[in-house]
Amino acid sequence: MSVLTQSIPGAAAGLRALAVAAAVLSCAAGAPAQNVAPLRSVQSFDSIANTQERSRALFVEAGRVIQSPRCLNCHPTGDRPFQGQGTELRLHVPNVTRGKDGKGAPALRCTSCHQAKNNDASGVPGHPMWHLAPLEMGWVGVSLGGICEQIKDPKRNGKRSLAQIHEHMTHDPLVGWGWLPGAHREPAPGTQAEFGALIDAWIKTGAVCPG
Ligand code: HEC
Ligand code: HEC
């Protein structure tokens, strides 16, 4: 870059202007990833002596991930996903619907636009398993307590045991996309491992749901 700016007078100022424009754009898109507080550690809840209360508090902290836009956008309570770089939760444009398999209507499949990897040039997120969470796993507009009951309910959680829920939260790659969302998206708080540790501690304390 120094060679470039020395050989082209005015290039440095031009680059600075570009950088400012880019900063303004990324603010407008709402991507202050560095402003998101990290997840609290499991140990930091040890001071809550009452086990039920501790369990509830652990889930509330994990709820900061679960209710982040990176998860909610794909867990709607209707047939249409949401979008948004930050926390705005706008309905997906164009109007796409889940279809029979969560992968879109026959005429407009998710894979028409969503590829196996994030496309940072176009801003379209991607993953090989990209599809909508089933209706019974919808979280948008549901209270955290309601989401908690859904996650525990084998009739609505894909017949999973609590151990399998922990496994899914900690290792599922589509869940993991929430921390590697590409473009200017704000990642889910903390790390997937820290999130998994909170879920594990929540289960070990009786998986109590917030009221
Ligand atoms: C015509 C192209 C197109 C189709 C088809 C499409 N999408 Fe998208 N989708 C996009 C674009 C573009 C974005 C990025 C918009 C943005 O972040 O501002 C996006 C973003 C999203 C997001 C937001 C991710 C996030 O957290 O930022 C979700 C969720 C999503 N799509 C789900 C789906 C699902 C599920 C399907 C199939 C049912 C689908 N999309 C079909 C173009 C499409
Ligand atoms: C691209 C869409 C997409 C994104 C993004 C996404 N999910 Fe999901 N999620 C799904 C689909 C599809 C299923 C159903 C898969 C299955 O049952 O095997 C699912 C199922 C789940 C389940 C299992 C059962 C239940 O009770 O809900 C959990 C837990 C879950 N997701 C957590 C998360 C978390 C946490 C995030 C964010 C860090 C997230 N998901 C982001 C699509 C998504």
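## Basis

The model is predicted: local features need pLDDT of at least 70, side-chain atom pairs count only at pLDDT 80 or more, and totals for chains, interfaces and linings use all residues. Residues are numbered from 1 along each chain as its sequence is written, and chains are lettered from A and ligands numbered from 1 in the order in which they are written.

## Fold

The protein chain holds 8 helices and 4 strands. Both are DSSP runs numbered from the N terminus: helices are H or I with at least four residues, strands are E with at least two. The order along the sequence is α-α-α-α-β-β-β-β-α-α-α-α.

Of the 211 residues, 23% are buried. Buried means 20 or more other C-beta atoms within 10 Å of the residue's own; 12 or fewer means exposed, and values in between mean partly exposed, with C-beta atoms placed from the backbone. Among contacts with a separation of 6 or more, 60% join residues 24 or more positions apart. A contact requires C-beta atoms, placed from the backbone, within 7 Å.

## Nonpolar core

The largest nonpolar core has 21 residues. Such a core is a set of buried Ala, Val, Leu, Ile, Met, Phe, Trp, Tyr and Cys residues joined through C-beta atoms within 7 Å. Leu 58, Ala 62, Phe 195, Leu 198, Ile 199 and Trp 202 have the most contacts inside it. Helix 3 (51–66), helix 5 (144–152) and helix 8 (192–204) each give two or more residues.

Beyond its neighbours within four places in sequence, Phe 195 contacts Leu 39, Ala 62, Val 65, Met 169 and Gly 190.

## Thr 205

Thr 205 sits in the segment after helix 8. Thr 205 counts as buried because it has 21 C-beta neighbours inside 10 Å. Leaving out residues up to four places away, Thr 205 touches Thr 51, Arg 54, Ser 55 and Leu 58. Thr 51 is 154 residues away along the chain, yet the two C-alpha atoms are separated by 6.0 Å.

## Ligand shells

Ligand 1 is surrounded by 23 residues. A residue is near a molecule if its C-beta atom, placed from the backbone, lies within 6 Å of it. Asn 73, Pro 81, Gly 104, Cys 110 and Cys 113 are the closest. The shell splits into 11 nonpolar, 9 polar and 3 charged residues.

Ligand 2 has 25 residues around it, with Cys 71, Cys 74, Asn 157, Gly 158 and Gly 178 nearest. Helix 6 (162–171) is among the helices supplying at least two residues. Helix 6 gives the most, with 3.

Notes
Two residues are in contact if their C-beta atoms, placed from the backbone, lie within 7 Å. Ala, Val, Leu, Ile, Met, Phe, Trp, Tyr, Cys and Pro count as nonpolar, Asp, Glu, Lys and Arg as charged, and the others, Gly among them, as polar.
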